[in-house]
Amino acid sequence: MKKIAMVTGASGGIGQIFVRELVKETLDEIWVIGRNQERLLMLKEEFGDKIVPICKDLTKDTDIVSISDLLREQSISVLWLVNNAGIAKMAPATAFSISEIRQTIDLNCKAPAALINICFPFMEQGTKILNISSASAFQPVPYINLYAATKAFERSYSRALNAELKLSGITVTAVCPGWVDTNMLSKEIAGKKVHFPGIIPPEKVVKKALKDAKKGRDMSVCSFYVKCQHFHVKLMPQKLTMKIWLHGIKKYISTHGGKNE
């Protein structure tokens, strides 16, 4: 039986680092899923024949179902599933089009849940599922409201699912980093350089996430800064947390932008 890992949003940022680290695991193949065929092929060139590029748009039901078809065509055991693909946009919630709302929810919420259910029949005891959530899942976050709400879904879904699957020996881990130094972040807004407190490289997030998953933890919180943030938001009223956040971003909120990874 072929032992595989599956990584969505694999063509850049955190996803690419996951691929780099999973190559070191005892696996026959790593299925890298994304919308950019050229960048997926570059992963194959970099990491070798173990990489299987799969060009899919996970906001489309037909593309998700086609992954199920690929699994059924072979004798496969899914040992790692990394749901990393996601959309982030900083903007007032009322500025989102219906299409943007749908795409954000479909990619950040529906796709991970659907892929887990599709892959579950092909999983075994010891399989690890990692859903890339965010520190923004810890509290309501104005002006990245939609993104933060989808990440709160991922965190809650992951931790509850981990409890459900405990007897099957499958671990589900919500990965909750703070600011991560990838191309997904807009480094400048309205001519102003953006300050990201506690920003860390993606390598640190990925290594901690893999380590926590192997330990069976249902949540991975990377860096002392984010651990302190997690502790503080448990104690502070959420209205105060939002007020502090709004004070920190007030010079940026007149201009906004987003990227799809």
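The structure is a predicted model, in which local features need a pLDDT of at least 70 and side-chain atom pairs count only at pLDDT 80 or more, whereas totals for chains, interfaces and linings use all residues. Residues are numbered from 1 along each chain as its sequence is written, and side-chain values use heavy atoms, with hydrogens and water left out.

**Overall fold**

The chain contains 8 helices and 11 strands, where helices (H or I, at least four residues) and strands (E, at least two) are DSSP runs numbered from the N terminus. Its radius of gyration is 18 Å, close to the 18 Å that the globule rule gives for 261 residues, so the chain is as compact as a globular protein of that length; the radius is taken over C-alpha atoms, and the rule is 2.2 Å times the number of residues to the power 0.38. Along the principal axes, the C-alpha atoms fill a box of roughly 55 × 40 × 30 Å. Of the 261 residues, 49% count as buried, a term that means under 20% relative accessible area, with exposed meaning over 50% and partly exposed the range in between (1.4 Å probe, protein chains only). The accessible surface of the chain comes to about 12700 Å², and 56% of this belongs to carbon and sulfur atoms; the areas come from the Shrake-Rupley method with a 1.4 Å probe, and for residues only the protein chains shown count as cover. Among contacts (heavy atoms within 4.5 Å) with a separation of 6 or more, 69% are between residues 24 or more positions apart.

**Nonpolar cores**

A nonpolar core is a set of buried Ala, Val, Leu, Ile, Met, Phe, Trp, Tyr and Cys residues joined through side-chain atoms within 4.5 Å. The largest one has 29 residues, and Val7, Phe18, Leu22, Ile30, Val32, Trp80 and Leu130 have the most contacts inside it. At least two residues of this core come from each of strand E1 (2-8), helix H1 (13-22), strand E2 (29-34), helix H2 (37-47), strand E4 (76-83), strand E6 (128-132) and helix H6 (202-214). A second, separate core of 27 residues includes Ile4, Trp31, Leu115 and Met123. What does Leu22 touch, not counting residues up to four places away in sequence? Its partners are Ala5, Val7, Leu27, Ile30, Trp80, Val82 and Leu210.

**A buried asparagine**

Asn83 lies in strand E4 and counts as buried, at 2% relative accessibility. Its side chain is joined to that of Asn131 by a polar contact of 2.8 Å, a polar contact being a pair of N or O atoms within 3.5 Å of which, within protein, one must be able to donate a hydrogen and the other to accept it, while residues adjacent in sequence count only if both atoms are side-chain atoms. Leaving aside neighbours within four places in sequence, the residues in contact with Asn83 include Thr8, Pro112, Leu115, Ile129 and Glu154.

**Salt bridges**

Side chains of opposite charge can pair when their charged atoms come close. The whole structure has 14 salt bridges, each defined as a side-chain nitrogen of Lys or Arg within 4 Å of a carboxyl oxygen of Asp or Glu.

| Glu29 | Lys2 | 3.1 Å |

Glu29 in strand E2 and Lys2 in strand E1 are 27 residues apart, and their pair links distant parts of the chain; Glu29 is buried at 16% relative accessible area, whereas Lys2 is partly exposed at 25%. Glu124 lies in the loop between helix H4 (98-119) and E6 and Lys3 in strand E1, so this pair ties together parts that are 121 residues apart in sequence. Asp218, in the loop between H6 and strand E10 (219-220), and Arg159, in helix H5 (residues 145-164), are 59 residues apart in sequence. Separately, Asp61, Arg102, Asp106 and Lys110 are linked in a network of salt bridges.

**Backbone angles**

Most residues other than glycine have a negative phi. Tyr143, although not a glycine, has a positive phi of about 75°; Tyr143 is found in the loop between E6 and H5 and is partly exposed at 26% relative accessibility. Ser223 also has a positive phi, near 85°, and is found in the loop between E10 and helix H7 (224-235), where Ser223 is buried, with a relative accessible area of 10%.
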